[in-house]
Amino acid sequence: MAESPYELLGVKPNASADEIQKAYRKLAKKYHPDLNPGDRTAEDRFKAISAAYDLLSDPEKRARFDRGEIDASGAERPQRRYYRDFASEETGPSYRSDAGFADFMDQDILSALLRRGARTRFAMPGQDLRFRLVLDFLEAVNGTRKTVTLPNGQSLDITIPAGIRDSQVVRLAGKGEPGIGGGPPGDALIEVHVRPHRLFTRQDDDIRLEVPISLREAVLGGRIQVPTPTGPVMVSVPKGSNTGRILRLRGKGVPRPDGTQGDLHAVLKVVLPDRPDPELEAFAERWTGGALYNPRDGMEA
């Protein structure tokens, strides 16, 4: 007994359209004539599974097949009697006509057309290839070029755009697996992962940075050097700056696709010397205003 289209594709009669497509792609790659040169058995099997997919991938044809209205080739199942059948039952001279054979001929032509339609599906696009690329923080912010080696040994030079985000995917069209039967190649999909930076953290298109300042700089103000992704810049610290004060450096953040850039937020942090400073201690003892100032005023529960 011939295999049904479902059996040919190895799926159940209640399989979804996606399951049918996946089963067909898997079998087509296995039995495609281009991958099995000279193997007549593989070629015949490929034709059979292609015809099965042609029928089951068409919702209307599939429904008619399930109802028994058409067979596995897509041909109509006989549901009416032809003139020659009536003629054979008459007692007089038999009535002969080739009309019935013409009907069957039409069915054969239809089946051939369906098989021809199945053959047009032989061309299959290649599979996409997926890769994971790890970048340093500054490479992601400023952009860079990387070389990736594919499983087939081919090397690809990749331009990483400035401002790329963690987990963003770069698509290289046509750099995936080759197609089958003249189909187009797949794409190479590069998923980018960004390493953390010891100084910078990213918040959307802005960059945040904690900048230590001395007590003298906090009290008297002054000019200090602040690192940015494109190099250090000089920044003015206002007099009386406290820990937590933010200095905004416009345009020193992450580049955007429209040509603008985010900002860098330098968060000041007052830091005392690591070793005790007798002069600083003596000043604090003489500073009567310091004894009267309570920075925790208003913290009562």
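1. Asp263 counts as buried, with a relative accessibility of 10% (buried is under 20% relative accessible area, exposed is over 50%, and partly exposed is in between, using a 1.4 Å probe and protein chains only). This Asp263 forms a salt bridge with Arg248, with 2.7 Å between the closest N and O atoms; the term needs a side-chain nitrogen of Lys or Arg within 4 Å of a carboxyl oxygen of Asp or Glu. Asp263 is in the loop between strand 10 (246-249) and strand 11 (264-270) and Arg248 is in strand 10, so the pair ties together parts 15 residues apart in sequence. Arg248 is partly exposed, at 47% relative accessible area.

2. A word on what we're looking at. This is a predicted model, where local features need pLDDT of at least 70 and side-chain atom pairs count only at pLDDT 80 or more, while totals for chains, interfaces and linings use all residues. Residues are numbered from 1 along each chain as its sequence is written, and side-chain values use heavy atoms, with hydrogens and water left out.

3. On confidence: the protein chain has a mean pLDDT of 82, and 84% of its residues reach 70 or more; pLDDT is the predictor's confidence in each residue, from 0 to 100. The stretch to watch is residues 81-106, where the pLDDT is below 50 and the model shows 14 contacts beyond near neighbours in sequence (a contact means heavy atoms within 4.5 Å). Where pLDDT is low, the predicted coordinates should not be read in detail.

4. Now the overall picture. The protein chain has 10 helices and 11 strands; these are DSSP runs numbered from the N terminus, helices being H or I with at least four residues and strands E with at least two. Of the 301 residues in the protein chain, 31% are buried. Among contacts in the chain with a separation of 6 or more, 50% come from residues 24 or more positions apart. The accessible surface of the chain is about 19,900 Å², and carbon and sulfur atoms hold 51% of that (Shrake-Rupley method, 1.4 Å probe; for residues, only the protein chains shown count as cover).

5. Back to charges: the salt bridge count is 16. One of them joins the side chains of Glu3 and Arg45, at 2.8 Å from N to O. Glu3 sits in the segment before helix 1 (5-9) and Arg45 in helix 3 (residues 40-56), so this pair links parts 42 residues apart in sequence. Glu3 is partly exposed at 37% relative accessible area, and Arg45 is partly exposed too, at 27%. Glu139 and Lys146 form another salt bridge, with closest N and O atoms 3.0 Å apart; Lys146 is partly exposed, at 24%.

6. Helix 3 also holds Lys47, which is partly exposed with a relative accessible area of 36%. Lys47 and His32 are 15 residues apart in sequence, and their C-alpha atoms are 8.8 Å apart.

7. Leu172 stands opposite Ala188 of strand 5.

8. Two backbone spots are worth a look. Ser167 is not a glycine, yet has a positive phi of about 75°. Ser167 lies in the loop between strand 3 (155-160) and strand 4, and is partly exposed at 38%. Asp204, also not a glycine, has a positive phi near 60°. Asp204 is in the loop between strand 6 (200-203) and strand 7 (206-213), and counts as exposed at 62% relative accessibility. Most residues other than glycine have a negative phi.

9. Last, the surface. Leu215, Val219, Leu220 and Leu272 form a nonpolar patch with about 340 Å² of accessible area together. Patches take residues with over 30% relative accessible area and no salt bridge, joining like charges within 9 Å and nonpolar side chains (Val, Leu, Ile, Met, Phe, Trp, Tyr) within 5 Å. Val219 belongs to helix 8 (residues 215-220) and is partly exposed, at 49% relative accessibility.

Technical notes: Two strands pair if DSSP finds at least two bridges between them.
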